[in-house]
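Thank you all for coming.

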Amino acid sequence: MSRPHSALRVASAVELGSLAVLLANLATVHLAPVSSLAGPLHGCAYLVVVVAAARDGDLTGKVLAWLPGIGGLLVLRRLARTPREKAASDMPG
């Protein structure tokens with residue numbers, strides 16, 4: 001049994017983690033090997049987040065996905081909240 005939005009969940013974690021590594025490297029010693037490894041990793045994770053949000057999310061989720069670093073986490077939060085809101089609005093009276 002697979003969890004829903006697992007690609008988005010993994011990609012958003014990798015995106016946030018790689019951004020933290022890039023910013024920490026920039027603020028401290030700025031080692032070129034760290035930048036050359038974490039930069040493309042962050043870019044690929046960012047693209048996966050945008051594509052996964054475009055596939056799974058609504059219009060607001062698609063816009064939130066474009067925020068670097070936290071966009072994927074915001075989309076996941078919105079997707080987790082959406083089924084509960086729909087269930088509450090479908091209840092009679």
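**Overall make-up**

The protein has 4 helices and 0 strands, where helices (H or I, at least four residues) and strands (E, at least two) are DSSP runs numbered from the N terminus. This is a predicted model, in which local features need pLDDT of at least 70 and side-chain atom pairs count only at pLDDT 80 or more, while totals for chains, interfaces and linings use all residues. Residues are numbered from 1 along each chain as its sequence is written, and side-chain values use heavy atoms, with hydrogens and water left out.

Of the 93 residues in the protein, 26% are buried, buried meaning under 20% relative accessible area and exposed over 50%, with partly exposed in between (1.4 Å probe, protein chains only).

Which residues of helix 1 are buried? They are Leu-8, Ala-11, Ser-12, Glu-15, Ser-18, Leu-22 and Asn-25. These residues lie on the same side of helix 1, because they cover an arc of only 160 degrees around the axis, the arc being that of the directions from the helix axis to the C-beta atoms. On the other side of helix 1, Val-10 and Ala-27 are exposed.

Helix 1 packs with helix 2, residues 32–56, at an angle of about 150 degrees, and their axes are 8 Å apart; axes are lines fitted to C-alpha atoms, for helices over the stretch in contact, and angles run from 0 to 180 degrees between N-to-C directions.
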